[in-house]
Amino acid sequence: MSTYWRTFKTAAWLGWEMDSNWTEPWLFVLYSVIKPVAGAFILVLMYIVFVAIGRPQGDTDAFSYMYVGNSFFIFVATVLFGTFQVIQSDREWYQTIRYIYISPISYYVYILGRAASKIAVAVFAVAITLLFGAMFLGVRLHLALADVPMFLVSTVLGLAVLLAIGICLGGISFLTAKHTHGLAEGIPGLFYVFCGVLFPLSILPSWGQAIGRAIPLTYWFEITRRLIAPTITVNTTLAGFDPLTILFFLIVSSVGFFALSVLIYKVGEYFARKAGKIDMTTSY
Amino acid sequence: MSEAKARRSDLRYRIGLNLRAVKGRSYPRIVGANREPSWIFFEAFLPLLGIAAYVFVYQFFGGQALAAITTKTTAAPWGMCGHDPCANAAAQAAAAAAVGANTNALVASVVLGGTMVAFWLNVLWSMASQLYWEKEIGNLQLYMMAPMNRMALLGGMAVGGVVMTSMRAISTLVAGVLVFGVIFQVASPLVLLAVFFATLIALYGLGMMFASLYLLWGREAWNLSALMEEPIFFSSGFYFPLGGLLRIPGWGPAIAIAGSFIPASLGLDALRQLTLGSTAFGGNFWIFDVTTELEILVGMAVLFLILARYCLAYLETLAKREGKLTSRHQ
């Protein structure tokens, strides 16, 4: 266990250095904030344009729904990318995977450690985005003190699910070519569409709603929104689930996805070793 | 004059050599992508989902607006038409039709923006970062020793990149029409093609220029590329008409002007006018007319290509002088 912990700590430190030491700390902070805030502003402008031509009286409920979902989606994009890109960056970019892989550590734990620094940056970005929305854009946030423990538990469970999904993708990326950017856009895109992040599930066709209900992150967004923005009245089609049921779903999903991530990681690793792909490069 | 020197000064030989270099550098991008089937899934299908999300956002807004129009109350028996109750059934129907048309136009804007996103990402990650990437994996010194013009190398990367990215761009357009039911009304196909290719040449010219600068910036390059995704999508109006920024007093026009230095901004504005009609959105969100935007794009294309040539020559010399041409991870 101490080896795992040491691996995790060292990998987290390494990840942090790789992410941040290319520039001055203030520039890194700015960099970490600009991307998510610009992402939020795309939605703000979409809303402004629609209101200007289609609904002059505005729709603050729809806007708050979208803004809160998008803010928490920063976790999805960052944690997923931070996890599955480890294998590809070590393999293709730094070409160090062969040395790390043969060292006496758990590569699985090493990936988790590398992702930890991304989570730290994401927490900061989410907080800034929410704060900006509440202060300047009229987003209605209200987290009651009594709800804080449940909010923290649900956030930890949501992150656990995300890490496990990221490792699943990492396992697959043992066998694929240099697809980091396709994956970075595409897989979060899947959750962006089907998990009720920007719009309620009712907008999707029935098959899309079924997919959304099968993804645990849908429930994570739902409970998060209920806890920090309880006044939003948009019909999410998930009103029948009480918060404790949703928490139960998240616990079961995080355990299930952890098991799946170990399985996919092991299978990907086995076939990559068999095909001699552990340290392949595909730089076209 | 030796035979080798005579050949190097022969214009026909040099043109042939550079064309072969263009073909040679574009080849691995075109053929490499076809040899890796998973690439098609990752590059063409998955990114559609992100675009679909923005489409659904507009449909969500449209649905909410339509619900406000069709919901009858005692104060508004024909629903709400904007701030006021609808006067009669005809006014209600007209307001609902306007919401439908506007939603379609906005969805079409997203689809066109999604097409351009493909090219912009290719410019960032496969043009601008490429020379730095080549340096990291040890190919750059081979390119520098080869006898062709460096611009031929960048030209080959651009041609290969355009072909490789076209699959994603076409998938986005096809999905827009078939899945989301977007209706495009193309009145001037030749002008549309001219705008499209002027935009691409200007974009890839910018990418060529960045490629040289990235050599100088080293490790910051990757982060710079990452930084030029969402902020550029926002400031260049990839998912909404750029004129929307002009509606925001103060910082809005400043951001729009800054974003207009990326050729995709004006290119998208012109493409939207040409495919949706200049009266779409009440004609209130366009920056310039199509002819002016085409002229600016052609000017940008020429300017960026010239700047790319000078940047490349300057930075190659600088990198050689400082001994950084082959140093990795810096």
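A residue is called buried here when its relative accessible area is under 20%, exposed when it is over 50%, and partly exposed in between, with a 1.4 Å probe and protein chains only. The model is predicted, so that local features need pLDDT of at least 70 and side-chain atom pairs count only at pLDDT 80 or more, while totals for chains, interfaces and linings use all residues. Residues are numbered from 1 along each chain as its sequence is written, chains are lettered from A in the order in which they are written, and side-chain values use heavy atoms, with hydrogens and water left out.

Within chain A, several charged pairs are formed. A salt bridge is a side-chain nitrogen of Lys or Arg within 4 Å of a carboxyl oxygen of Asp or Glu, and the structure holds 9 of them over all chains. In one of these, Asp90(A) pairs with Arg114(A), with the closest N and O atoms 3.1 Å apart; because Asp90(A) lies in helix H3 of chain A and Arg114(A) in helix H5 of chain A, the pair ties together parts that are 24 residues apart in sequence. Both Asp90(A) and Arg114(A) are buried. Helices are DSSP runs (H or I, at least four residues), as strands are (E, at least two), and they are numbered from the N terminus.

Asp61(A) and Arg140(A) form another salt bridge, with the closest N and O atoms 2.1 Å apart. This pair links distant parts of the chain, since Asp61(A) is in helix H3 (residues 60-93) of chain A and Arg140(A) is in the loop between helix H5 (107-136) and helix H6 (148-173) of chain A, 79 residues apart. Asp61(A) is buried, at a relative accessible area of 14%, whereas Arg140(A), at 32%, counts as partly exposed.

Turning to the two chains together, 65 residues of chain B are in contact (heavy atoms within 4.5 Å) with 54 residues of chain A. The chains bury about 5500 Å² between them, 75% of it on carbon and sulfur atoms, where buried area is the accessible area (1.4 Å probe) that two parts lose on being put together, summed over both. In chain B, Phe60(B), Phe61(B) and Trp133(B) lose the most area to chain A, together 13% of what that side buries. Between the chains the count is 2 salt bridges, and Lys35(A), Glu229(B) and Glu230(B) are linked in a network of such bridges; the side chains of Lys35(A) and Glu229(B) meet at 3.7 Å, N to O.

Trp133(B) also belongs to H5(B), where 7 of the 8 residues are buried, Trp133(B) among them. Just after H5(B), Gly138(B) takes a positive phi of about 90°.

A nonpolar core is a set of buried Ala, Val, Leu, Ile, Met, Phe, Trp, Tyr and Cys residues joined through side-chain atoms within 4.5 Å. The largest such core has 178 residues, and those touching the most other members are Phe72(A), Phe191(A), Leu217(A), Trp120(B), Phe238(B) and Tyr239(B). H4(B) contributes the largest share of this core, 19 residues. Leaving aside its neighbours within four places in sequence, Trp120(B) is in contact with residues including Leu203(B), Phe210(B), Met228(B), Phe233(B) and Phe238(B). Apart from this core lies another, of 15 residues, among them Tyr108(A), Tyr110(A), Ile111(A) and Ile278(A).
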